[in-house]
Amino acid sequence: SIQPDGIFKLQPRLGDLKGLETDLFTVRGPIHFKSQLKDGVQEITLAPPANVKLTVIVPDYATSKTGPLTDGTLREDGWRELPLTAGKPTTLLIPSR
């Protein structure tokens, strides 16, 4: 969804989908999205264009390739709102539960 402040919010719920690669077209340019299920873990890569503010909403148990996520806002429902860096690909790991 797009918020009134111009920030795009994406909450992927991929379940056991084996893989998906697509571009999400916005008025400010495409957000590249790729996911692949490997050994029970969804590996998701998001690449917003340089002029797009993107927040991804993931379960709190999601991690990055370098470890636990500590940025963003942890909501009461156990989901984390994580602002991504515009123009830079980000990879997140979400284990199946």
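Two strands pair if DSSP finds at least two bridges between them. Strands (E, at least two residues) and helices (H or I, at least four) are DSSP runs, numbered from the N terminus. Keep both terms in mind for the tour.

This is a predicted model, in which local features need pLDDT of at least 70 and side-chain atom pairs count only at pLDDT 80 or more, while totals for chains, interfaces and linings use all residues. Residues are numbered from 1 along each chain as its sequence is written, and side-chain values use heavy atoms, with hydrogens and water left out.

**Stop 1: the whole chain**

Show the protein as a cartoon. How many helices and strands does the protein have? There are zero helices and ten strands. From the N terminus on, the order reads β-β-β-β-β-β-β-β-β-β.

Now turn the model around. Along the principal axes, the C-alpha atoms fill a box of roughly 35 × 30 × 20 Å. The radius of gyration, taken over C-alpha atoms, has a globule rule of 2.2 Å times the number of residues to the power 0.38. For 97 residues, a compact globule would come out near 13 Å; the protein has 13 Å, so the two agree.

Buried means under 20% relative accessible area, exposed over 50%, and partly exposed in between (1.4 Å probe, protein chains only). Of the 97 residues, 36% count as buried.

Colour by charge next. You will find 12 positive and 11 negative side chains, and the centres of the two sets lie 3 Å apart. Lys and Arg count as positive, Asp and Glu as negative; His and the chain ends are not counted. Each charge is placed at NZ of Lys, CZ of Arg, CG of Asp or CD of Glu.

Contacts come next; the word means heavy atoms within 4.5 Å. Take contacts between residues at least 6 apart in sequence: 48% of them join residues at least 24 apart.

**Stop 2: the six-stranded sheet**

Select E2, E3, E4, E10, E6 and E7. These six strands form an open sheet in the order E2-E3-E4-E10-E6-E7, with antiparallel pairing. Its edge strands are E2 (19–26) and E7 (67–68), each pairing on one side only.

Zoom in on E2 and E3. Eight bridges join this antiparallel pair. Pick Thr22: its bridge partner in E3 is Phe33.

Follow E3 to its end. Asp39 sits in the loop between E3 (29–38) and E4 (41–47). Its phi is near 50 degrees, a positive value in a residue other than glycine. Is Asp39 buried or exposed? Asp39 counts as exposed because its relative accessible area is 85%.

**Stop 3: the four-stranded sheet**

Select E1, E5, E9 and E8. They make an open sheet in the order E1-E5-E9-E8, with mixed pairing. The edge strands here are E1 (7–10) and E8 (73–74), and each pairs on one side only.

Go to E5 (residues 53–59) and E9 (residues 79–83). The two run antiparallel, joined by five bridges. Then label Val58, which stands opposite Arg80 in E9. E9 is mostly covered, with four of its five residues buried.

Stay on E5 and pick Thr55. Thr55 counts as buried, because its relative accessibility is 8%. Which residues is Thr55 in contact with, leaving aside neighbours within four places in sequence? They are Ile7, Phe8, Lys9, Leu10, Glu81, Leu82 and Pro83.

**Stop 4: the E8–E9 hairpin**

Move to E8 and E9. They pair in the antiparallel sense over two bridges. Together they form a hairpin with four residues between them. Click Gly78 in the turn: its phi is positive, about 90 degrees.

Finish on Leu74, in strand E8. Its bridge partner in E9 is Arg80. Leu74 counts as partly exposed, because its relative accessibility is 46%. Not counting residues up to four places away in sequence, Leu74 touches Asp60, Trp79 and Arg80.

Last, draw a distance line from Leu74 to Asp16. They are 58 residues apart in sequence and 24 Å apart in space, C-alpha to C-alpha.
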